[in-house]
Amino acid sequence: MRETFLNEIGEGGLCALPFLFEFWAMPHQLPPEGDWRSWVILGGRGAGKTRAGAEWVRAQVEGARPLDSGRARRVALVGETFDQVRDVMIFGDSGILACSPPDRRPKWKATERKLVWPNGAEAQAFSAHDPEGLRGPQFDGAWVDELAKWKKAGDTWDMLQFALRLGEAPQVCVTTTPRNVGVLKDLLASPSTVTTHAPTEANRANLAASFLDEVRARYAGTRLGRQELDGVLMADAEGALWTGEGLEGLQCALVPVLDRIVVAVDPSVSSGDKADACGIVVVGAVLQGPPQEWKAYVLADCTVQGVGPAGWAKAAIAAMDEHGAERLVAEVNQGGQLVEEVLRQVDPLVPYKGVHAARGKVARAEPVAALYEQGRVRHLAGLGALEEQMVLMTARGFEGQGSPDRVDALVWALHEVMIAPARKWRRPRVRSL
């Protein structure tokens, strides 16, 4: 299909080809079909969001010929500041001017903060720091960039909605890296919103290999990486025991010499793709001085799914061997004696401790959450999936899908290395007579 198109396009068509975005665009950069009010492009850093927004504006204001009218005549360009609108959305490497062919390129009127196309269409720049600036003007389209990082996002978005009142069906394109903010969550939940999504990796052909290597090595598997590279909205549940902001501050690259390392397992008694995962988490601790000075380090999340009892038992033993753990702790509420039997089939000499949950998940998790509040737990990289579950654990219970297998394993591990020893340490000694 592409070869036929290129063979038949002619010399003039080849000259215009660099500006035919539909030919080059990735799927997430093209607007979805259907009747929508807002199109949100969620993407990681460098995923091509800015180019998609600039090309969408072109598609709205340009007609078939340079002087023909397009669908929109008056467009709002809204960024965090005027400088960012000008430097990124208009003059940037992927901005409107860079994307426009010479015969359709608009002119920038700096004093009016406005782009004007040869056909008379206009795009006016606005700063999210000044929501009131949108009170009065009216538009039939808007491009909003990095909505999730605006300090006055709610007020600015509201003012923009009142300004989108021209034409038959005003539309807005939102390009943003996702953040857990109310205005973005509300927008995504609206029935008039459509969404496309892409990670940074999707645009690797246009990014420096050294950049991808560096950010992968530094952030892959972390909560921040899931947000900034994968473009995933990392939402916290209301009243969560852990917050995303709090977890981001726990990252560490180096671990001191540890006094104790354990592997905790929350077994799955079923198998198959739809079965609950078997949570497997590795935790180490420095136990010098009184308990209030002890520190824990979450070293790895080795959780597996769909492998059956023999599979998770092998994964748990492998985690022990890899990290030099001295004990394997497993919850036995569901499997009972079977849990130990399965583990000993893999390693008959495994140092094993079965634990029974006498209290609910939240009651067990709350003292562990207190350790985090005290700054006594640190996370290594690669724990993004575990952290996604943590921010959905609330005082009312787990508000995610399925069971919080990873969190359960984390809780058992931290109980074993931090909470249970501290209770023994504080227990008053009875003096013999």
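Me: What are the ground rules for the numbering and the values?
Reply: Residues are numbered from 1 along each chain as its sequence is written, and side-chain values use heavy atoms, with hydrogens and water left out. The model is predicted: local features need pLDDT of at least 70, side-chain atom pairs count only at pLDDT 80 or more, and totals for chains, interfaces and linings use all residues.

Me: Why is His-415 called buried?
Reply: Buried means under 20% relative accessible area, exposed over 50%, and partly exposed in between, with a 1.4 Å probe and protein chains only. His-415 has 12% relative accessibility, so it counts as buried. The residue is found in helix 16.

Me: Which residues is His-415 in contact with, leaving aside its neighbours within four places in sequence?
Reply: Contact means heavy atoms within 4.5 Å. On that basis the list is Arg-364, Pro-367, Val-368, Ala-420 and Pro-421.

Me: What makes the approach of His-415 to Arg-364 a polar contact?
Reply: A polar contact is a pair of N or O atoms within 3.5 Å; within protein, one must be able to donate a hydrogen and the other to accept it, and residues adjacent in sequence count only if both atoms are side-chain atoms. Here a polar side-chain atom of His-415 lies 3.1 Å from the backbone oxygen of Arg-364.

Me: How do you know that the span of helix 4 agrees with its length?
Reply: Helices (H or I, at least four residues) and strands (E, at least two) are DSSP runs, numbered from the N terminus. The expected span is 1.5 Å times one less than the number of residues. Helix 4 has 13 residues, 49–61, so it should span 18 Å; its end C-alpha atoms are 19 Å apart, which agrees.

Me: What makes helix 4 mostly covered?
Reply: Of its 13 residues, 10 are buried. Among them are Trp-56, Val-57 and Arg-58. The cover includes helix 3, strand 1, strand 2, helix 6, strand 6 and strand 7.

Me: Why is strand 2 described as largely enclosed?
Reply: Five of the six residues of strand 2 (74–79) are buried, so the rest of the structure largely encloses it.

Me: How do you know which strands pair with strand 2?
Reply: Two strands pair if DSSP finds at least two bridges between them. Strand 2 has six bridges to strand 5 and four to strand 6. Both pairings are parallel. Ala-76 has Gln-124 as its bridge partner in strand 5 and Ala-142 in strand 6.

Me: What makes a set of residues a nonpolar core?
Reply: The members are buried Ala, Val, Leu, Ile, Met, Phe, Trp, Tyr and Cys residues joined through side-chain atoms within 4.5 Å. The largest core here has 39 residues, and those touching the most other members are Trp-242, Val-283, Val-298, Tyr-372, Leu-410 and Leu-414. Helix 16 gives the largest share, 11 residues. A second, separate core of 28 residues includes Ala-313, Ala-325, Ala-330 and Val-332.
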